[in-house]
Structures are given as C-alpha cells and as structure tokens.
Amino acid sequence: MLFFSYFKDLVGREVTVELKNDLAIRGTLHSVDQYLNIKLENTRVVDQDKYPHMLSVRNCFIRGSVVRYVQLPPEGVDIELLHDATRREARGG
Amino acid sequence: MVLGLREFTERVGDGAGEPVLDSDNGEELMHVQHSVAIVLGNRLPVSPGTLYISTKQVVWLSDVDKTKGYAVDFLSLSLHAVSRDPEAYPSPCIYTQIETEADEDESEGSDSESSDTLDLSKITEMRLIPSDPSQLDTLFDIFCECAELNPEPIDGEEEEHNWIFSADQMVDEVAEEGDHFSQDPTNSIGHSNGDHDLARTVLELQINDQRFEDADEMDDDHERGHH
C-alpha cells in the first residue's frame, strides 16, 4: 500500500499520467484508490497534435493497470522518505 | 478473458428486452440510460439505443435493430472521461478508451480500408452520447463506481507482484526490524561495510517513516497523541 498512501498525499496537485499506449494526460489529482485507479480533474493531453480529440475533458478516470508512469511535482517528492520506503520494499521481497 | 469490444445479442424475453446478464456469477444491472447514441472509433454515431451498465460491463443495445448490440468489459476500459468541449467532439459525451488484444497496431488504419466491415477487436475508442447531456456526470460516476468493482485479476501473477500486495505485512515486519535495529546496530547494512555513517543514516530514516503507513493507522496515532 506504499504507493497508494504516497499518491493520496499528492491529491490536489498537478501530475502527468503516462499510459501504456503512450498517451500522457496532465491534470489535478482528484483521487486514487487501492488499485491505483486515478481520477484527474481539469485534464489536458500533453501531446495534443497526436490526440486532438482528447483536447480537453474536464474529468477523467484512468484504470490503474494501464498506467505506465506518474510524473510528480518536484515539491511533492521527499527523496529521503522514498529512499527509505523503497529500501524496505526491497528487503521485504 | 477477451479484451476489447464485442457483439452483444442476448436479450431477455422475446429477444427485445434487457441484456442477459451473468447473474449466476453475481453480475447486476446498475443503471439504464435510454436514448443514447454510440460512436465506435471514427465512425458515424449509431442511434437510437439504450445503454445498460452492469457491475461487469457496459452494454449498448440498438432500439431499432434488435439483433444489434455491443458490449465491453470494465476490465477492458482503460479510461473514461466526460467530453464537453465541442472542439474535441461536437456532442457532449462519455469518451472511453478500450484496451484491445492487438494494442500495438492502432485502429486508425482499419477505418480507411472499408467503412462497411467493422472489426470490433480493433476499436480502441468509444463515445456514448446521451440525448440529455445533463446525465453525463451521473454516467461518469457510475462508470467510476463500476470500474472500481473490477480490479485486475491477480491469479498467477502473485509471485511476480507480491511486493505490492504484501505491503501491509511489510509494515509490521519493518516495525519489528526497527526495534531490532536500535538494539543491535551491528546487524545493519552499513556496518557490514564498516561504514558507520551510513548505518546511522539508515537508522535516522527508519525513525521518520510514519507518513508511509496506512492512513487509518495514522489517524489512530493522532488520536493517541492528543489524549
């Protein structure tokens, strides 16, 4: 549940969600659930030339299993905390 | 499981009614929306039809042609959104992206060949246009609710991914290890290298990690702190 908790801390911030089909959507993180399904608000597509029809949808639900990356706001990243948390994950595995 | 969009023809009664659902496996009808047009890929809208949202899938049935209908499992719906911008699409609609078996090849090419042959397995986009746009937010919420009812099946992948699902246990383990660390620092990673500074750093990090525990537990901690 590490990433679930971590993403919950980022609610209200701007993130960019990159899907496995290369679509990248930027928006305000509205909510995230335990499956890492992500709801964004005030979204816009990063590469608008490639995906003109996604130009602007106000809110958007993204299935957790199709997310490749989530780009975080730099100020939302505490590197020391993440170091420790990932170390723990590695030990547990 | 078959990904993507598929034909759906099984209707109850004389074949003119609601879709036949897999109620034996707990599938329930969550919402019915009349007067909804459907757009597959870059095709023209097909209407009129009725949208049925169940706990497992989205089914659209034509009101005119009783043999015509489409369905897609929530497991195949990568994304859904409310689209109101006329530049994105002329009619306000629910926009969805569908994961297909052959996701590598984009669907765009198939449309140019022949607009009469419809290969459902290559459709990666679907729009649902209710005649009453004020229903869009309700529909969006129902889609969200049902999507959350359909997490990825985890059978067979447990070995590979168990670092995600055992996070709860790990928190406990770490709590124990934390004690262990402070009592006997010679066992820490850093000391095995003879690097005491690194060991201390690890110790310090260990202490300050409550933010990564479950929110519920955090609330508990707050309670205890105040009383």
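Let us start with Leu128(B): leaving aside neighbours within four places in sequence, Leu128(B) is in contact (heavy atoms within 4.5 Å) with Val36(B), Ala37(B), Ile38(B), Leu51(B), Val58(B), Trp60(B), Cys93(B), Ile94(B) and Phe143(B). The model is predicted, so local features need pLDDT of at least 70 and side-chain atom pairs count only at pLDDT 80 or more, while totals for chains, interfaces and linings use all residues. Residues are numbered from 1 along each chain as its sequence is written, chains are lettered from A in the order in which they are written, and side-chain values use heavy atoms, without hydrogens and water.

In the largest nonpolar core, which has 28 residues, Leu128(B) and Leu5(B) touch the most other members. Such a core is a set of buried Ala, Val, Leu, Ile, Met, Phe, Trp, Tyr and Cys residues joined through side-chain atoms within 4.5 Å; buried means under 20% relative accessible area with a 1.4 Å probe, protein chains only. Among the elements of chain B that each supply at least two residues are strand E9 (125-130) and helix H2 (136-148). These elements are DSSP runs, of at least four residues for helices (H or I) and at least two for strands (E), numbered from the N terminus. H2(B) gives the largest share, eight residues.

I turn now to the sheet. In chain B, five strands form an open, antiparallel sheet in the order E1-E6-E5-E4-E2, where pairing requires at least two DSSP bridges. E1 (5-7) and E2 (29-33) of chain B each have a single partner strand, so one side of each lacks a neighbour in the sheet. Four bridges join E2(B) to E4(B), and Leu29(B) stands opposite Ser54(B) in E4(B).

Technical notes: Buried means under 20% relative accessible area, exposed over 50%, partly exposed in between (1.4 Å probe, protein chains only).
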